[in-house]
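Hi,

Here is the structure I said I would pass on.

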Amino acid sequence: MKRGLIGKDLRGNFTQRVSNAFGLSNYEMVEMNEEQVIDFVKEKNFEGINITFPYKKLIYDYVDVPSKNAQKIKAVDTIIVKDGKTYGYNTDYDSFYYLIKRHNINFKNKKVLILGNGGSSSAVQVIAKEMQASEINVVDIVESEGSISYIECFAKHLNSDIVINTSPVGMSPDILNAPIAMSLFSNCEAVIDLVYNPILTTLGFNAQELGITRVIGIEMEVAQTKYAVELITGQKISDDRIDEVIHEILIEKCNIVLIGMPSAGKTSIGQLLSKRLNKPFIDLDDVVVEKAKMPIPEIFDQSGEAGFRKLESLVAVELSTLNNVIIATGGGTVKNKANMDSLRLNGIVFFIDRDLDKLISSDPNRPLSSSKEALRTMHKERYPLYQKYSNVVVFNNEEMDKTVEDIVKGFHETAKQAVKKDWRKYCDHHSEKRS
């Protein structure tokens with residue numbers, strides 16, 4: 001391998017895709033153990049590599065020339081070979097600094113809580129100190145010198161102003177996990193989660209629900225890759241390209257989640273969208289039937305609606321871990337908030353609204369919408385939930401092709417909204433300088 005990424009577990013990692021977007025070709029991703037990583041770096045038979053969890057601190061001692069930032073942090077994540085020597089850099093520093101400037105997050109005189117104590121955490125600690133945080137507390141599962149336990153965190157530091165998650169907690173497939181409950185941190189004004197898969201972690205989602213500024217990890221991942229590619233290729237890349245690549249990755253990785261009443265057209269529209277966007281289509285009800293090994297009416301007969309909803313929730317969580325799919329939900333999926341919370345982590349939600357008089361169904365697989373009276377009652381109950389959980393509302397009263405185009409347009413516009421423009425220009429003098 002001449003160019004690539006080395007780590008312990010690279011499942012779900014898309015550094016290769018982002019590196020390609022920044023013009024770095026022939027890039028590979030290879031899993032190695034500690035001994036293999038050390039031997040690989042010592043052999044120097046490569047052009048430039050990225051190092052990820054959990055080897056950033058380990059490999060620092062094995063590079064010939066660590067950069068100034070790497071020396072401050074005692075960790076490297078990018079190594080290039082030049083004139084027979086290895087040069088180690090820390091682009092975590094560059095990208096995190098970029099991230100906080102991008103979102104106008106001010107650390108001065110603030111109490112900062114950092115979750116995790118690995119290589120990325122070290123970079124965050126240095127920057128928090130440089131930006132004059134009044135207090136910095138590092139929390140780790142295993143209490144050690146320089147870190148505190150979660151027990152101490154909850155006992156003494158619930159008044160933290162800024163929370164940064166550098167731990168892997170919440171990473172796919174364990175997307176429902178969060179390292180802390182944000183509802184306990186009443187003083188918090190910003191949450192930065194470096195986990196980038198799922199797109200929005202449960203930690204970030206909970207912060208968003210509480211009205212706290214939240215920053216998603218994909219932004220730092222893209223910025224970090226940009227700086228690493230610059231070091232490996234020796235070519236400068238405009239910071240404007242960061243926003244473009246974030247948008248490209250969101251379009252590729254985000255799911256489209258369709259909600260709406262029975263007979264609103266979710267399945268038909270989802271199938272058309274699948275062809276239009278080249279994203280696989282999944283009908284949540286079909287997955288429920290497959291797992292139950294019986295049709296929906298039989299599930300209702302044997303287990304009642306409660307039994308069906310329980311199975312539906314299990315499937316909703318399972319589908320939430322996927323990327324780049326179109327999911328048509330059942331009409332009642334919105335009745336359980338947990339279903340929608342999980343589906344929103346990796347998805348943009350579209351409410352397909354259809355006039356009530358067009359929703360009457362004679363389908364035997366729709367036991368709850370077989371009469372006008374039942375449908376009106378259901379519509380009254382669910383309509384506020386469809387509005388509450390949707391990012392975009394589209395109507396399906398005319399040509400279905402128009403509804404599909406409205407969803408495609410809304411999908412791109414919503415992804416663009418995630419790439420914020422109201423941020424101060426990144427200060428170039430904080431970037432790593434090439435040796």
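Below are my notes on the aromatic rings.

This is a predicted model, in which local features need pLDDT of at least 70 and side-chain atom pairs count only at pLDDT 80 or more, while totals for chains, interfaces and linings use all residues. Residues are numbered from 1 along each chain as its sequence is written, and side-chain values use heavy atoms, with hydrogens and water left out.

There are seven aromatic pairs in the structure. Rings of Phe, Tyr and Trp (its six-membered ring) pair if their centres lie within 6.5 Å; planes under 30 degrees apart are stacked, over 60 edge-to-face, and the rest tilted.

One of them is Phe14 with Tyr196: the centres are 5.0 Å apart and the planes at 80 degrees, so this pair is edge-to-face. Phe14 is in the loop between strand E1 (3-7) and helix H1 (15-21), and Tyr196 in the loop between strand E10 (190-193) and helix H7 (202-209), so the contact ties together parts 182 residues apart in sequence. (Helices, H or I of at least four residues, and strands, E of at least two, are DSSP runs numbered from the N terminus.) Phe14 is buried at 6% relative accessibility, and Tyr196 is buried at 14%. Buried means under 20% relative accessible area, exposed over 50%, partly exposed in between (1.4 Å probe, protein chains only).

Then there is Phe351 with Tyr386: centres 5.0 Å apart, planes at 25 degrees, so stacked. Phe351 sits in strand E15 (residues 347-353) and Tyr386 in helix H14 (residues 372-389), 35 residues apart. Phe351 is buried at 1% and Tyr386 at 0%. Together with Tyr383, they form one aromatic cluster.

Cheers
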